[in-house]
Amino acid sequence: MRVYLPCTLPALARVAAAGELGPAPLTGYAVTPALVEWYASGDTEELEYVALTDAARSSLRMLAADRADGVKAAARRVVVAAEVPDGIVEAGADLEERSRVRLTRAVTMKEIAAVHVDDPSASGDVEAALAALPAADAGDDDARFTVDGAEAHELMWYATQEIPDLVG
């Protein structure tokens, strides 16, 4: 099963050093039965894009948490795409998070298929989204619009061999 795992560049560096993304349980995003039911007219590629976008949204929150903890991190969202056995993926029934899944074990480097990362040119909009996140969570529509502005940037695709260059 293809899963999309939110990440940050500092966390990706730890993944590269450790040889796995973990520890479990891990929250990821995937094409779940609830997502298929909700997005009835979409094909697999469209549904995977929805899951990737949900993971990118979660990556923004991880980036905000890193910065709150004093971790220096570039304003770039990161999503790790992995192919994992169905047996380690548990889908919830939460309709608000149709694509959210829980992985019951760490993801090895061999299971990582690719990494999706914001182009550096997106950093201004990602910075604005980070600043607007608390107000957006409090219900401010203008702040939500700013947060959504980060999603206007497509994440760039990187092969696993390029991870050292991304985190170096």
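Predicted model: local features only at pLDDT ≥ 70, side-chain atom pairs only at ≥ 80, totals over all residues.
Local features need pLDDT of at least 70, side-chain atom pairs count only at pLDDT 80 or more, and totals for chains, interfaces and linings use all residues. Residues are numbered from 1 along each chain as its sequence is written, and side-chain values use heavy atoms, without hydrogens and water.

Helix 4 (residues 123-137) packs with helix 3 (residues 44-68). Helices (H or I, at least four residues) and strands (E, at least two) are DSSP runs, numbered from the N terminus. The angle is about 90°, and the axes lie 10 Å apart. Helix 3 is therefore roughly perpendicular to helix 4 (65 to 115 degrees). Axes are lines fitted to C-alpha atoms over the stretch in contact, with angles from 0 to 180 degrees between N-to-C directions. Leu60, Arg61, Leu63, Ala64 and Arg67 of helix 3 meet residues of helix 4, including Leu130 and Asp137. Contact means heavy atoms within 4.5 Å.

Helix 4 bends by about 40° at Ala131. The bend is the angle between axes fitted to the seven residues ending there and the seven starting there. Pro134 follows within four residues. Val126, Ala129, Leu130, Ala132, Leu133 and Ala136 are the buried residues of helix 4 (under 20% relative accessible area, 1.4 Å probe, protein chains only). Their cover includes helix 3 and helix 5 (141-150). Just after helix 4, Gly139 has a positive phi of about 105°.

In helix 1 (residues 9-18), Leu9, Pro10, Ala11, Leu12 and Val15 are buried. Their packing partners include strand 1 (2-7), helix 3 and helix 6 (163-167).

Key: Parallel < 35°, antiparallel > 145°, perpendicular 65-115°, else oblique. Buried < 20%, exposed > 50% of the residue type's maximum accessible area, 1.4 Å probe, protein only.
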